[in-house]
Every structure is written in structure tokens, then in C-alpha cells.
Amino acid sequence: MTHTSGASTASSRARLDRREPGEVFGPSFSLFADVLLVGLLTTAACLPVVTAPAAFAAASATLRQSADHGLPVRAGTYAGHLRARLTARVLAAGCVLPLLALVLLIDAALLRSPLPGAAVMAPVLALLTLGAMVVGLRATALEAPYRLSAREGLLRSVADPRGTLLLAGAVLLSVVLAWSIPLLTPLLPGPLAFAATVVELRSPAG
């Protein structure tokens, strides 16, 4: 009995330590590195602002392809997904982001304002902004034929409340990290895209 238990433990450790050729730290560390690389690539692609939806969609597609085929993330793969998603419709959707930033500025002004109703409107605007970010992330993680569909992202957010709450938690955590450790900001799009992709993969609506 002891011999059998010892053999089982040794087999489990062997599976955990299994590495691909050229893989130094094991699969878990490779995933961590891939997410960070995707984060940096997505941040660079988001610099024109209106390209942000395409950048996050490319990040999700890259991570999904890496998970499906077990391949490491490469900048060329990400660039190919990004080019495929830079359409006029997606760029037009990216124009919504400055409006979202304006809502956040109004919300911040209301928090410091003595105007009547400011204590009520500020949390409402904050919740609406959070909801819009979650729906937007869900939309970027969709595959064809629903790729980058805000309507489908909203429907799936409603149909999968658990996934929506998980993604909202990821957004809030990213906001806290960006506020407390600004140096991490360029890396945060990677974990957000990863969270959106995982939520979409586990969603019953998907």
C-alpha cells in the first residue's frame, strides 16, 4: 500500500515538473510570462485610444490560440490578430472610450462637489462605468460570429452573473493596482484580457 502511494506521488510530481524542450521554468511560469507580454503589447496597441477594442480583442485571441495549441505567445501572432480586427466599425467603437473617460471625470468632480444629489449620482456613475467596462471586456473576448459585439457582450453578462462578478472583480483589482502602483499599469491589460478570455470560456452562454 505504501509502495503504491509513493509511486502515485512520484507520478504526480513528474507531471507537475514536465517541461517542453527549451522551457526553463515550467508551464505555469510560461503562462505568467505570456500574460505579461500580451499586457505590454496591448498597452502599446492602445496608445491611439480608438484602437483599444481591437487591442484587447487581439489579446484575447492570442491567449485563446496559445491555450488551444500549447504555443508560446509571440509578438508577430499578436500583430496578426490586431491587423485582422482593425476595421472601421471597431475604430468607431473605440471613440466611445473618450466619452467613458469624460464620465469618470464627471464622477470624480461630483465626489468633491457639494451639489445636491452628488452623493447619489457619484456611486451610480461609478457602477455604470464598471458595468460598461465589464461588457466591453466580454465583447472583446467573443469569437466569430459575435466578435466585438457589444450587444452579445451585454447578453452574456446578464446570462452569466457569476462570470460578470468575477470580471468586475478583476477590473476593480486592476484599478486599485494602477492607483497604488502606477508602474504596473502597462502590464494590467494582459491579466484583464486573460480574465475576460477565461470567463468567456467557462461561461454557459459561450
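**The largest pocket and its surroundings**

In this predicted model, 40 residues line the largest pocket, and Phe56, Leu97, Leu100, Met133 and Leu137 lie nearest its centre. A pocket here is an open set of points on a 1 Å grid over the protein atoms alone, where a 1.4 Å probe fits, with protein on both sides within 12 Å along at least five of seven lines; lining residues have an atom within 4 Å of a point. Two or more lining residues come from each of helix H3 (52-69), helix H5 (88-94), helix H6 (96-111), helix H7 (118-140), helix H9 (161-180) and helix H10 (189-202). H7 contributes the most, with eleven residues. The space in this pocket is about 1500 Å³. By class, the lining holds 32 nonpolar residues (Ala, Val, Leu, Ile, Met, Phe, Trp, Tyr, Cys and Pro), two charged (Asp, Glu, Lys and Arg) and six polar (the others, Gly among them).

The protein chain has ten helices and zero strands. Helices are DSSP runs (H or I) of at least four residues, and strands are runs (E) of at least two.

The chain has 206 residues, and 34% of them are buried (under 20% relative accessible area, 1.4 Å probe). Its accessible surface is about 12400 Å² (Shrake-Rupley method, 1.4 Å probe). Carbon and sulfur atoms account for 72% of that surface. Among contacts (heavy atoms within 4.5 Å) between residues at least 6 apart in sequence, 64% join residues at least 24 apart.

Residues are numbered from 1 along each chain as its sequence is written. Local features need pLDDT of at least 70, side-chain atom pairs count only at pLDDT 80 or more, and totals for chains, interfaces and linings use all residues, while side-chain values use heavy atoms, without hydrogens and water.

How values were computed. Points joined across faces, edges and corners; volume = space filled by probe spheres on them. Buried < 20%, exposed > 50% of the residue type's maximum accessible area, 1.4 Å probe, protein only.
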